[in-house]
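Please look over the structure below.

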Amino acid sequence: MKNILFSIFFLTLLSSCQKVIDIDLNLTASQVVIEGEINDQTGIHTVKVSKTVNFSDANNYPAVQGATVMISDNAGRSETLTETSAGIYKTRNLLGIAGRKYTLIVNIAGKIYTAVSTMPVLVPLQGIRLIPNPRPGQDTIARFVAIPNYIDPPTFGNCYRFVQTLNGKEDKNFIVFNDNVNNGFPNQRPAFSRDLEIKRNDTLTVEMRNIDKPVYDYFYSLNQSAGNGPGGGSTPANPVNNIDGGALGYFSAYSASKKTVIVQ
Amino acid sequence: MLKKIILGLLLWVSMTDLKAQNFTVSGTIRDAKTGEELIGASIVVQELAGIGITCNEYGFYSLTLKSGSYTLKTSFIGYQPTSHKIVLDKNLKLDINLSNGTELQEVVVAARKQDENVTKAQMGVEKLDVAEIAKIPVLFGEKDVLKTLQLLPGVKSAGEGSSGFYVRGGSADQNLILLDEAPVYNASHLLGFFSTFNSDAIKDVTLIKGNSPAQYGGRLSSVLDVKMNEGNDKAYQVKGGIGVISSRASVEGPIQKEKSSFLITARRTYADVFLKLSDKFKDNRLYFYDFNAKANYRIDDKNRVFVSGYFGRDNLGLGNNFGIDWGNKTGTLRWNSILNPKLFSNTSVIYSDYNFNIKVNAGGTGFTINSQIQDWNLKQEFQYFPNTENSWRFGFNSIHHTLTPSRFKTDSAGGQPQISRYALENAIYANNTYSINANLNLDYGLRLSSYSILGGDTYNLYQNGVKSDSVVLAKGNWGKTYINIEPRLSMSYKLTGYSSIKIGYSRNTQNLHLLSNSTSTSPTDQWIGNSYNIKPEISDQIGLGYFRNFADNAFEFSVETYYKSMQNQVDYKNGADINAATDVESELLFGKGRAYGLELYLKKKTGRFTGWLSYTLSRTERQINGISNGNWYAAKQDRTHDISIVGMYQLSPNWSLSANWVYYTGSAVTFPSGKYSINGKTIYYYTERNGYRMPAYHRLDLGATYEKKRFGRYQSSWNFGVYNAYARENAYTITFEDNPNDPTRTQAVQTALFKLVPSVTYNFKF
């Protein structure tokens, strides 16, 4: 919110000046990063294991190879994942079934990380409504933002993540909703993304993922502390995550549905 | 109970009168031209060395002496002193009028007031001269009380151009900001670039840095007591100023001559008017306006009523899509009564309100977020002047709070219900100022404060963010009451005629807390009261100081040190959901704080060249379980060094020049120590809270004021200013991002708000 306020203020009143600077940032011991997902869509689920690097390094994140990665559910099924390429571990035939609780275990040279995520029952995406999203101070080309149409169930505590793909390119921002507002009603919130410019004749796909609350909290806090300095937002911190053992990242079991529209 | 105490005291008052042949001379000290009461003017008795007093905040004084003939010398900074011969063989009433010293005239002021900084027991007190504020250059040329305060030792600016301030390691919400006794919950306009105080309406500004006497309470760090002018009761007067982005005007005058008067001031920024001219930004809104109004009526010699109010509103928006507005409303109804020559009473009924509204509209769907705090406040204070060694203040204060929590709402139903919470905050206090002998002065008191949760809502209890229990409080029921005893003590001992040492201790408590997740305060931060999880914040501060005046009081010098410990500090946990959380209390963490420092201050008060030099060396830390692994970490307001140099020079009768230079260590901030990738997006890895520093901040501002020749009643002046004269690019934010030219790299980007900002303001008066 504060970002919006400041942008209005400074865009309109002042011309602030920006420059790239050198900062001497501390070096830090490399940390394990786990990105694990299981869903009700495909039979193949991926867990990516990598490491952090120093800020001054290039964005090449070393893969963690040779880990033992296992996913199990609360119905007694489990599978050890196969490392298909460096740091990428995949299932072959484990099915994701809504309502089940999944456990991820990653063993890296004897150090064990565990995470639990419950796959919520699917709330179907019924359609996409596009509404105008003009950007003040820019050209007059019509821009839009998508409102995912779905009806939130009356029980409290549903969480959603939206992944938008525009003309084949996936938006990398993490858009998550919960039902603290509008519980049990048709959704009215637009899925705003900072980087998405939806124009006429574009093809937009919206995938709606039903996620559990710990995963919502992870993405929400990731957005909250996404690298803003003083005056720009909340004090940065690592997001709250659902992995025990001290790794960064998340493990998410989700059910999903998607819709595609051509913007008229 | 309270009635009995008062009756007892009254009885004691009359008893002591009978004992000796003592009589009292009392009255009110006013400006001869406008009829404004002069706050803090002093009277010394020529025949009795070392005997003297200062008048109170309503200009009232009371001096009890043995019968005899005396000469009373009255003085006040910027006024010509007067001398009155009296024969004290009965109680006397003597109102004194002082005339404004004309410009440039060396005003000779009696010794008492001049060395008050050395003799008075109270420490950590800063008084601002309202006339001086007008000369100090500021951003956009809008003279500003809060920005001038930041140039004093122990007071730090909340950021570039900001009117927010931190006192001795306290956060911005730990300052009690009073406008005619009414608490102002957000003292800034336009995200802090302007303060809510229109300096044309202001008579007196006092800042107490933690060692406040017992009549003040409710905040940990400081009291900023701002008093508005009463309005000229002799003649009409119009004042105003036209600036680059804002203008102001005020009208004052008698309703009935020398019996009642009024004052109305208004301000409005008009940056948005220029926006309208530009095609690009024509739909943007960006302005604030505010009004001050005051009227008073003298019922008779002994009774006077005042009514004053403030109303301000900020409005920011983008077309119909986004809008936010916020503002304060305050109202004060006050009755001064001189019950007898030694006993002064002030009764006030005060209303305060702060609220904000955010509206977002997207394609016909609307969202709103709003929050409000509303107070009704009753205050009764007695001031009792038994003899020249002693003065007492005692009274009570009772505030009813209505706190409406921030809620995210949509046009359709289905949001969380927005239920207001109610609370009653009470305090009784007594404070005594006592001159034990010519060298030893004492100021001590006790404040008993309580905060009671009133029914009407359900209060949840949390353990580590997980709900463990809840308390359903029906309307009309009383919930938990927190009671605190707050002792206050300060003492001065005169070493020589020109120097003294002072020590002080005080405990303060705070029952209202501002929740802020951002690194600086924002109008959308919400106030929350104590609950079953949130306990009163408590601070204990000790201070030690050495005060010395040089060259016949032309120079004031002081060194003060302090140590402050704070309990029950409140902060959001990492990644807290601040807008849509079902209960914000589940998102909070609690911990403690400590702050210590050394403040040096050297001021030149008289002559053509005046100004000051202030230096603060300090440290401020927090320890909160759940942040930085429970280790102590530097608070965001921690700045090791803070220097201000202010100089003003009267070049000629028409021209005066001014300059100020500030330097401070960059704020403590959290920067990433590493990075990783989630879903192909670069994410930063943080190791500790506030483990880094922003670059050091420094800036020079220059100002010049040209007073035009008086034309009949019409007086005018031009004020020119340059903010950041050597165009230093001070870092406002430092952000980290992927390098747009080389996606395999990341970079740090520094944003500076202002380079050089010139301003010009035209002020007039008739």
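## Chain B overall

This is a predicted model. In chain B, 49% of the 766 residues are buried. The chain holds six helices and 51 strands. Its radius of gyration is 27 Å, close to the 27 Å given by the globule rule for 766 residues, so chain B is as compact as a globular protein of that length.

The C-alpha trace of chain B spans about 90 × 60 × 50 Å along its principal axes. Take the contacts in chain B between residues at least 6 apart in sequence: 63% of these join residues at least 24 apart.

## Sheet with strand S1 of chain A

One open sheet has three strands in the order S1(A)-S50(B)-S49(B), and its pairing is antiparallel. S1 (17-21) of chain A and S49 (733-738) of chain B are the edge strands; each has a single partner strand, so one side of each lacks a neighbour in the sheet. On average, neighbouring strands here are turned by 30° against each other, direction ignored.

S49(B) and S50 (residues 746-752) of chain B run antiparallel and are joined by six bridges. B:Ile734 has B:Gln750 in S50(B) as its bridge partner.

## Sheet with strand S4 of chain A

Two bridges pair S4(A) with S44 (residues 674-678) of chain B in the antiparallel sense. A:Val53 has B:Lys675 in S44(B) as its bridge partner.

Key
Residues are numbered from 1 along each chain as its sequence is written. Chains are lettered from A and ligands numbered from 1 in the order in which they are written. This is a predicted model: local features need pLDDT of at least 70, side-chain atom pairs count only at pLDDT 80 or more; totals for chains, interfaces and linings use all residues. Two strands pair if DSSP finds at least two bridges between them. Helices (H or I, at least four residues) and strands (E, at least two) are DSSP runs, numbered from the N terminus. Axes are lines fitted to C-alpha atoms, for helices over the stretch in contact, and angles run from 0 to 180 degrees between N-to-C directions. The radius of gyration is taken over C-alpha atoms; the globule rule is 2.2 Å times the number of residues to the power 0.38. A residue is buried if 20 or more other C-beta atoms lie within 10 Å of its own, exposed if 12 or fewer, and partly exposed in between; C-beta atoms are placed from the backbone. Two residues are in contact if their C-beta atoms, placed from the backbone, lie within 7 Å.
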